[in-house]
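The sequence and structure come first.

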Amino acid sequence: MVAINSGNLAEKKTLSKRIRDSFSQVPLLAWFCGFLVAVLLERFVGDPLTELLGLPKIPALFGAVTVLKKPLLIPGTLAFLLVIYILPIIIVPRLCAPVLNRLAGWLFNVSPAVSVAIHLGLLYGILHLWADISGYRLLTLKLTLIAVIVTLSLNVINGYMGEFSCSHPGFLALGAYTASIFTLLFFVDDKVFGSALLPKFLGPFLFPVALILGGLVAAIGAIAIAVPSFRTRGDYLAIISLAFMFIIKSIIENLEFVRGPRGLSSQPNYVDLPTVFIWTVAAVWIINNFVRSTTGKALNAVRDDEMAADAMTVDTRRTKIVAFLFAAFWAGVAGGLFAHVLRYVNPSTFGIQKLAEVLAMVYFGGLNSVYGSIVGAVSLSLLGEALRPLEIFKWIIIPLLLILVMIYRPTGLIAFKEFNVMNLIRPKEKT
Amino acid sequence: MTYFFQNLINALQWGSFYALIALGYSMVYGVLMLFNFAHGDIFMVGAYIGFGVATGLVSLASMGALALPNWLILVLTILISMFLTSFVGMIVERVGYRPLREAPRASAAITGLMIGIILETGNLAILGARRVSFPALIQSTTYDLGGVFVTNKKIMIVVVSIALMYALHLFVRKTRWGMAMRAMAFDYVVVPLLGVPINNIARMTFAIGSALAAVAGILFGVAYPVLDPYMGIIFGWKAFVAAILGGRGSILGACLAGFLLGFIEIFVAMIFPSTLRDFIAYSIILLILTFRPHGFFGEPYSARLRL
């Protein structure tokens, strides 16, 4: 009996191992090519194919919406997905792997920076072509990229430093309002702030200044939490940060010059896909370098044992304040982007609901991991959009999923994993 | 001066809701060192169960099936809802907290939050997006005490909550189960080794906390007879703040802080415009925690804290 079981197990292992082996030599470049082929196919063959399969239009988010609304269209949608996405993404990388491995190796030897730039260019191309199909996709993609920044910045505090900070909606609000006030004051004629103070064509060029200002204001706000964190940890810090969040929301609701609870609207339309993409890449790159730096390792030391870290010459106060300011800065930048994507902010956006959403992304994706944050933010954002037709049952399915993840992987899907760009872009050939 | 006393009465009533809910947070914290973030929504579920039971009993009484005076219906409603809601608490413990006892504490916080969302949405899905109104079980009578108007409802609410707090205090201090709870709060690791059944104690703690939250829900329904599925969020978070402010795991602290929070909110609204209520209330809490980082009765950061 035992022998038979172990025999089966071994057989299974070889099968899954064979599949894994055949794909283990596929470099990232080839995967990107697969995706590129898929989105190009969708762009050029998508429309005739939808007509052929009897679908009303190209499925916006991989068909989830169509399938949930009209179950009769399931076979057509599945066929569409198979032809457009699944087959190219499986076949193209496998076929191109040898060629692209050589190319990736050559690029890597010439200059890793060039290789990274080419990878990013490909990634942007894929996203651009994918989002070009509909405005809904574009909006979802922008919000998803912003969610990546927010999740990463919260992971610095909650994952790498091990605090339970609830203040992120507050930082987002500070960034969103600061950036909005900046652009509305200088580049827009509106009723709240009067006519534009600077010529409007300068707007897109000075927009990064608005975002950075938003980030800086959020970072200044973070001092209010960083200073109490010297004396207290855990639950008390959670309360302090929660109180901070409520205080920020309440202040904004009472400030008449930003129109109180009615919120600010008609922000200029500066945030197109390249802007969000560049800021997201910058955030991932800088945050990844930060958590791999000496300060980043000091964060882990503070999390695991503050007293021991102190004894081993880690300046815990400096570490904490740097982490809070850094995370708040990126949250502020994300807030500024968020305000300009939606072109409307009001204080009630930045409440408990937002907090639950961001915390869910961090803990779903994985603590202490850049991969995890990206996966958590992307999957929960897309899932939230894809399950929209289920209406309120969406808010039963997503929480259930999170509970299951917490029970079986308490630190999240991909926790404690280093994000190494050099390993990613390296050719995957066995030598 | 009468204005002051009038608001004092209101603050006592408002604070007793917070105190009753905060007790649930505090007890669970004492035993498991975890916060039950679904507790605010258990309060909401308790209020709805109370609504269902009260409506059922009232309709039975009106059909003549059982001849009960209204006060007896209220007492029965409270008892039955306490019993039923305690099961909700036990289910939350079984599903969301027992599998995660050894996990990082933040993970349990996430499951708690998510169970809360499921409870809200489930309620919304079952009952639909309309507010229900709690049946009026007590005829409101107003007494005039030298210019201060006191309704019998307010007296009842304050008296019932303080009586329950005292009963809980007696339970924790005088019974074997209470002793087990205190022992667990004293040392989470060794006490189970000495034969105290941790699963039973945890389940019981959740059950008692949820029963108290159900009472708070019914009392809230008596005072403000409109219920909606999201009413647990604000109350839950504020009671959580009160539980922390009282010092983690301290029952007396949770009661006092609950009342304090009620006083702060009512008196801030009395002096300042009511839109500033949250701002000033949370600023005061921030100040208190800056000077007393461990709350009123909490112990300082210790090695046995699981972080």
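In this predicted model, A:N368 counts as buried because 24 C-beta neighbours lie inside 10 Å, where 20 or more are needed. A:N368 has a positive phi of about 55° although it is not a glycine.

- Most residues other than glycine have a negative phi.
- A:N368 sits in the loop that joins α14 (352–365) to α15 (370–386) of chain A.
- A:R259 is not a glycine either, yet its phi is positive, at about 65°.
- The loop between α9 (234–254) and β1 (264–265) of chain A holds A:R259.

**Packing of α8 against α13 in chain A**

- Helix α8 (residues 203–226) and helix α13 (residues 316–342) of chain A pack with their axes 7 Å apart, at an angle of about 140°.
- This angle makes α8(A) oblique to α13(A), because only angles over 145 degrees count as roughly antiparallel.
- α8(A) and α13(A) make a right-handed crossing.
- The contact of α8(A) with α13(A) is made up of 18 nonpolar residues, six polar and one charged.

**Packing of α7 against α8 in chain A**

- Helix α7 (residues 168–187) of chain A is a further partner of α8(A): the two axes come within 8 Å and cross at roughly 145°.
- The crossing of α7(A) and α8(A) is right-handed.
- From α7(A), the residues in this contact include A:G170, A:F171, A:L174, A:G175, A:F182 and A:F187.
- From α8(A), they include A:G203, A:F207, A:L211, A:G214, A:G215, A:V217 and A:G221.
- By class, the residues of the contact of α7(A) with α8(A) are 13 nonpolar and eight polar, with no charged residue.

**Domains of chain A**

- Chain A is divided into domain 1, residues 2–131, and domain 2, residues 136–424.
- Taken over C-alpha atoms, the centres of domain 1 and domain 2 of chain A are 30 Å apart.
- In the contact between them, 15 residues of domain 1 of chain A meet 18 residues of domain 2 of chain A.
- On the domain 1 side, α3 (64–69) and α5 (112–131) of chain A each supply at least two residues.
- α5(A) gives the most to that side of domain 1, with eight residues.
- The residues on the domain 1 side divide into 13 nonpolar, one polar and one charged.

**Contact between chains A and B**

- The contact between the chains involves 39 residues of chain B and 36 residues of chain A.
- Three elements of chain B give two or more residues to the side that touches chain A: α4 (105–127), α9 (231–245) and α11 (277–291).
- α4(B) gives the most to that side of chain B, with 14 residues.
- The side of chain B that touches chain A divides into 28 nonpolar residues, nine polar and two charged.

Technical notes: Residues numbered from 1 in each chain as written. Chains lettered and ligands numbered in written order. Predicted model: local features only at pLDDT ≥ 70, side-chain atom pairs only at ≥ 80, totals over all residues. Domains from an automatic or database assignment. Contact = placed C-beta atoms within 7 Å. Helix = DSSP H or I, 4+ residues; strand = E, 2+ residues; numbered from the N terminus. Nonpolar A, V, L, I, M, F, W, Y, C, P; charged D, E, K, R; others polar. Axes fitted to C-alpha atoms, helices over the stretch in contact; angles between N-to-C directions. Parallel < 35°, antiparallel > 145°, perpendicular 65-115°, else oblique. Left-handed = near helix turned anticlockwise from the far one by under 90°. Buried ≥ 20, exposed ≤ 12 C-beta atoms within 10 Å, placed from the backbone.
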